[in-house]
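Trainee: Please take me through one part of this model closely, in a single connected account. I would like to follow how its pieces are placed against each other.

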Amino acid sequence: MTVPPVIDKHHAEKTPLVKVREVSKLYPGTLALDNVNYEVFPASVNVLIGENGAGKSTLMKILAGVERPSSGKLLVGDKPVNFHSIRAAERAGIGIIFQELNLFQDMSIAENLFIGKEMLKSGLIDTDAQHHVAKKLLERVGLDIDPTTRIGDLYVGQQQLVEIARVLSRDVSVLIMDEPTSALSQKEVQVLFGIIDTLRSQGVAIIYISHRLEEIMRIGDHITVLRNGRIVGIDEVNNIDIPWIVQKMVGSEKKQFDYQPRDLGESILSVRDLVLKRINGTMALDHVNFDVKRGEVIGIYGLMGAGRTELMEVLLGLHRNASGEIVFDGQVLKKGKPANRIKAGIALVPEDRQSFGMIQPMSVKDNMTLSSIGRYCSKLLGLRLIRRRLETENCDEIIQRLGIKAPHADHAITTLSGGNMQKVIIGKALLTQPKVLLFDEPTRGVDVGAKADIYRAMSDIAAQGVSVIYTSSELDEVLAVSDRVLVMAGGKITASLTRDDAERDLITRMASPTTPATIH
């Protein structure tokens, strides 16, 4: 029997609002939680951290009523509870902001905010009242957007803020935030921190999951570290530092990625005067020009709305209304379907992995080979048959190469942690045998160890002569792997910097939308 963790005198001064006692969760082939004892304190930010696959999201899903424990019990205010649904958890005052977006893309912001809890008047939905309240909720999270706007027309970061606004509309005493800043700009992060400070002052218990360690040190009060489904560290944030967190998470010092320069080849991709207008008429891409050499890693830095994602999408052929010229491997690319670009040798790892990177009901293997399934087909008596043995061999090779933690390649991809899902999507792109591989925010929502694995994979891919272009809103990430840094602002490339010239202050300055000049 596991003894509940010993809490120091500072913890003892507050009575826990939520208690998790000896909770285990067993999935087929995986013990996600192993006799976990966990406590959540009111008027505090309770940081929960661990590597991808450590069990954080599983524990939170149990608290939020999404999953039920295999064994153990939950107490809210010393009262035993048994949640059968999210609604049951909400009735007990527990709300959750999921890491993966959980919005209806074809519905409006207001409809998403009130779905299941519509405001009624004479038995009908009071649209005017909903729009009025929605506008106030959006203002609270710093969004100046019409509540009638379709969710699918928003950036990922804006959708994340809508998720936050939706939970804030509920009356919660415990608010779970699973990677709430993974898609937010620095300005939006500061707005969120202001909301958290207000909620904390109102006595709300916040459970905060993040892989951004500096964030944890800024916002956290208490910290609990999970590793392999077990709690391995508990303390107050004031008593610890980042090396302590990393050591507890990975059981050793931080997994390092050491940049190694490579010999670069001739130009493989040339972009000339690329222009793309958004639906509202603003310029998503404003005469973008750059070149990429074989085996080169280019990091693109910019704030939200700078045009990074649109650039990746245009390179993959997603926007037929884009103008300009793209020369790839000596040939001018014609406008066409993304499938044609993939066949030519360009692949994309998208920012929103749930919506655009994978098919949730499918297995790890079927997701990984989806874009390259033609390689595994053979004709027999007029029928197309899939060579399953070759497919499995290639999939297993990628799993080993990228260090994907999965019980088996035939398991559903949704059983994996966020970081391992991302590695599967990277594997899917690699199996298309690309010459240029595009990554849009490749480490969004992954832990420090998985980040190092992804950086290493990007470097290894480049060492084999594949060109890598990746976007990021994190300066450290842009500087981690890149041979060259492109800075974007207002749809333009405002700076093209060698690794030696890529100074933080300069990059930050050139990323400002008000910066008039460019540096090449």
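Mentor: Two strands count as paired if DSSP finds at least two bridges between them, and strand 21 (residues 436–440) and strand 22 (residues 467–472), which run parallel, are joined by five. This is a predicted model, in which local features need pLDDT of at least 70, side-chain atom pairs count only at pLDDT 80 or more, and totals for chains, interfaces and linings use all residues. Residues are numbered from 1 along each chain as its sequence is written, and side-chain values use heavy atoms, without hydrogens and water.

Within that pair, Tyr470 of strand 22 is the residue that Phe439 stands opposite. Both strands (DSSP runs of E, at least two residues; helices are H or I, at least four; both numbered from the N terminus) belong to an open, mixed sheet of six, ordered 18-21-22-15-23-24. Strand 18 (346–349) and strand 24 (492–498) form its edges, and because each has a single partner strand, one side of each is left without a neighbour in the sheet. On average, neighbouring strands here are turned by 20° against each other, direction ignored.

Across strand 15 (297–301), strand 21 and strand 22 lies helix 16 (residues 448–463), which runs at about 150° to strand 22; axes are lines fitted to C-alpha atoms, for helices over the stretch in contact, with angles from 0 to 180 degrees between N-to-C directions.

Turning to a helix pair, helix 14 (residues 388–402) packs with helix 15 (residues 418–430) at about 125°, their axes 10 Å apart. Helix 14 makes this contact (heavy atoms within 4.5 Å) through Ile398, Arg401 and Leu402, and helix 15 through Lys423, Ile426, Gly427 and Leu430.
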